Amino acid sequence: MLWPRLARNLLSRPSTDPAPPVPADAAEALALRLEEASRARLGRSLAIRAVDAGSCNGCELELNALSGVAYDLERFGLRLVASPRHADLLLVTGPVTRNMTEALRRTHAAMPEPGWVVAAGDCAAGGGCFRGSPAVEAGVAAVLPVDLVIPGCPPSPAQLLEGLLALLEAQRPAPALSFMAR
């Protein structure tokens with residue numbers, strides 16, 4: 001009967017494991033370092049445009065966790081933007097499907113400088129478990145020049161933050177030389 005099963009399911013607790021604890025100090029320290037690096041490199045906060053090029057949505061769940069309570073990127077000035085015209089960085093998840101190739105190229109072309117490209121996850125890095133499929137081009141590097149690969153299936157929010165921080169620190173400009181008049 002439907003009613004007893006429905007009542008039992010409504011009154012019982014879900015049979016899932018609790019979420020692993022997030023070390024608040026580590027998350028905050030990473031986000032602060034990322035904010036400082038973005039301000040030093042860009043003079044402002046880092047704007048990220050995320051594109052799902054055909055993934056299973058595992059990487060998107062971890063990316064959404066960055067905007068959640070534990071990491072809360074907005075309080076550090078880091079933000080996900082809806083338009084590539086406002087983005088400094090294109091974060092691509094999933095293998096690039098043949099249907100998304102042109103859209104991905106146009107999104108990258110619409111971005112202003114510096115226009116970094118980050119491949120997040122094993123599928124974006126090289127196709128992952130979808131490699132060899134006739135519907136998939138391969139990883140992001142087959143379509144766009146990639147500046148950073150963040151491995152993992154899916155990469156955790158902390159790994160995403162560490163990767164973005166590594167990109168900003170690697171791209172930090174050299175200090176300007178000062179010339180003195182003789």
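Trainee: Buried or exposed: which is R106?

Mentor: This is a predicted model: local features need pLDDT of at least 70, side-chain atom pairs count only at pLDDT 80 or more, and totals for chains, interfaces and linings use all residues. Numbering runs from 1 along each chain as its sequence is written, and side-chain values use heavy atoms, without hydrogens or water. Buried means under 20% relative accessible area, exposed over 50%, and partly exposed in between (1.4 Å probe, protein chains only). With a relative accessibility of 59%, R106 counts as exposed.

Trainee: Which residue forms a salt bridge with R106?

Mentor: A salt bridge puts a side-chain nitrogen of Lys or Arg within 4 Å of a carboxyl oxygen of Asp or Glu. Here the closest N and O atoms are 3.2 Å apart. The partner, partly exposed at 42%, is E102.

Trainee: Which residues of α4 are buried?

Mentor: Helix α4 covers residues 101-109; helices (H or I, at least four residues) and strands (E, at least two) are DSSP runs, numbered from the N terminus. Its buried residues fall within an arc of 130 degrees, so they line one face of the helix. That arc is taken from the directions between the helix axis and the C-beta atoms. On the other side R106 and A109 are exposed, while the buried residues are T101, L104 and T107.

Trainee: Which strands are among the cover of the buried residues of α4?

Mentor: Cover is a matter of contact, meaning heavy atoms within 4.5 Å. It includes β1 (47-52), β3, β4 (96-97) and β6 (136-138).

Trainee: Which residue meets R98 in a salt bridge?

Mentor: The N to O distance is 3.0 Å. The pair links distant parts of the chain, 39 residues apart: R98 sits in the loop between β4 and α4, its partner in strand β6. R98 is partly exposed at 45%. The partner, partly exposed at 33%, is E137.

Trainee: Which residues touch the most other members of the largest nonpolar core?

Mentor: A nonpolar core is a set of buried Ala, Val, Leu, Ile, Met, Phe, Trp, Tyr and Cys residues joined through side-chain atoms within 4.5 Å. The largest one holds 24 residues, and those touching the most other members are L89, L91 and V118.

Trainee: Which element gives the largest share of this core?

Mentor: Elements that supply at least two residues each include α2 (24-42), α3 (58-66), β3 (89-93) and β5 (116-120). Also on that list are β7 (148-150) and α6 (157-170). The largest share, 6 residues, comes from α6.

Trainee: Which residues does L91 contact, leaving aside neighbours within four places in sequence?

Mentor: L91 is one of the residues that touch the most other core members. Its partners are I48, R49, A50, V51, L63, V118, A120 and L164.

Trainee: Which residues make the nonpolar surface patch of about 540 Å²?

Mentor: Patches take residues with over 30% relative accessible area and no salt bridge, joining like charges within 9 Å and nonpolar side chains (Val, Leu, Ile, Met, Phe, Trp, Tyr) within 5 Å. Areas come from the Shrake-Rupley method with a 1.4 Å probe; for residues, only the protein chains shown count as cover. L10, found in helix α1 (residues 2-11), is exposed at 65%. The patch is made by W3, L6, L10 and L11.
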